[in-house]
Amino acid sequence: PFVVTENCIKCKHTDCVEVCPVDCFHEGPNFLVIDPDECIDCTLCEPECPVGAIFPEEDVPAGQEVFVGLNAELAKEWPVLTVRKDPPPDAAEWDGKPNKLPLLER
Ligand code: SF4
Ligand code: F3S
C-alpha cells in the first residue's frame, strides 16, 4: 500500500483524496492517512500531493517508518475523506519543516 508521511502534517492539501478510486483516505485534525487494507496500489495519489508526502510502503524515507503503522492505526479511527477541502492557511510555512510528528493531532 501507499503511505502518507510526515510532510503532510499541518500541510494537509487533500488533493490526494480526489483521485483515489477506492476512497481509502481518512482525515484527522491536521493529517491524512491511507487505509492499507483498502489501498490497491494504483499510484494515482502520489503525484497529486503538492508537498510530496505520499510514498509506496517500500520507499518510505529513512526515519519515517513509524508512519506505516500510524496509517494503519489511524485509518481505523478517522472518517473517510473523498472531497478536497482548503488546506490550512499556513500550510506553505510547514512544507518541509523537520520533526513534525510531535505536532500530529489525534
Ligand atoms: Fe488510493 Fe491509489 Fe493512492 Fe492507494 S495508491 S491510496 S488506491 S490513490
Ligand atoms: Fe497530505 Fe499531500 Fe494529501 S499534504 S492531505 S498527502 S495532498
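The structure is a predicted model, in which local features need pLDDT of at least 70 and side-chain atom pairs count only at pLDDT 80 or more, while totals for chains, interfaces and linings use all residues. Residues are numbered from 1 along each chain as its sequence is written, and chains are lettered from A and ligands numbered from 1 in the order in which they are written. The chain has 3 helices and 4 strands, where helices (H or I, at least four residues) and strands (E, at least two) are DSSP runs numbered from the N terminus.

**Overall fold**

- Read from the N terminus on, the elements follow the order β-α-β-β-β-α-α.
- The C-alpha trace spans about 30 × 30 × 25 Å along its principal axes.
- A compact globule of 106 residues would have a radius of gyration near 13 Å, and the 12 Å of this chain agrees with that; the radius is taken over C-alpha atoms, and the globule rule is 2.2 Å times the number of residues to the power 0.38.
- Of the contacts with a separation of 6 or more, 80% join residues 24 or more positions apart, a contact being two residues whose C-beta atoms, placed from the backbone, lie within 7 Å.

**Burial and the nonpolar core**

- Among the 106 residues, 34% count as buried; a residue is buried if 20 or more other C-beta atoms lie within 10 Å of its own, exposed if 12 or fewer, and partly exposed in between, with C-beta atoms placed from the backbone.
- The largest nonpolar core has 26 residues, and those with the most contacts inside it are Val4, Cys8, Cys16, Val33 and Ile34; such a core is a set of buried Ala, Val, Leu, Ile, Met, Phe, Trp, Tyr and Cys residues joined through C-beta atoms within 7 Å.
- Strand S1 (2-4), helix H1 (15-19), strand S3 (32-34) and helix H2 (66-75) each supply at least two residues of this core, and H2 gives the most, with 4 residues.

**Helix H2**

- The buried residues of H2 are Phe67, Leu70, Asn71, Leu74 and Ala75.
- Seen down the axis of H2, these buried residues fall within an arc of 115°, so they line one face of the helix; the arc is that of the directions from the helix axis to the C-beta atoms.
- The buried residues of H2 pack against S1, strand S2 (25-27) and S3, whereas the face turned away from the buried side carries the exposed residues Gly69 and Glu73.

**Ligand surroundings**

- Ligand 1 is surrounded by 14 residues, of which the closest are Phe2, Cys20, Cys39, Cys42 and Cys45; a residue is near a molecule if its C-beta atom, placed from the backbone, lies within 6 Å of it.
- The shell around ligand 1 divides into 12 nonpolar, 1 polar and 1 charged, where Ala, Val, Leu, Ile, Met, Phe, Trp, Tyr, Cys and Pro count as nonpolar, Asp, Glu, Lys and Arg as charged, and the others, Gly among them, as polar.
- Ligand 2 is also surrounded by 14 residues, the closest being Cys8, His13, Cys16, Leu32 and Cys49, and its shell has 9 nonpolar, 2 polar and 3 charged residues.

**Positive phi angles**

- Most residues other than glycine have a negative phi.
- Lys12, in the loop between S1 and H1, has a positive phi near 45°, and Lys12 is buried, with 23 other C-beta atoms within 10 Å.
- Asn99, in the segment after helix H3 (91-94), has a positive phi of about 55°, and Asn99 is exposed, with 8 other C-beta atoms within 10 Å.
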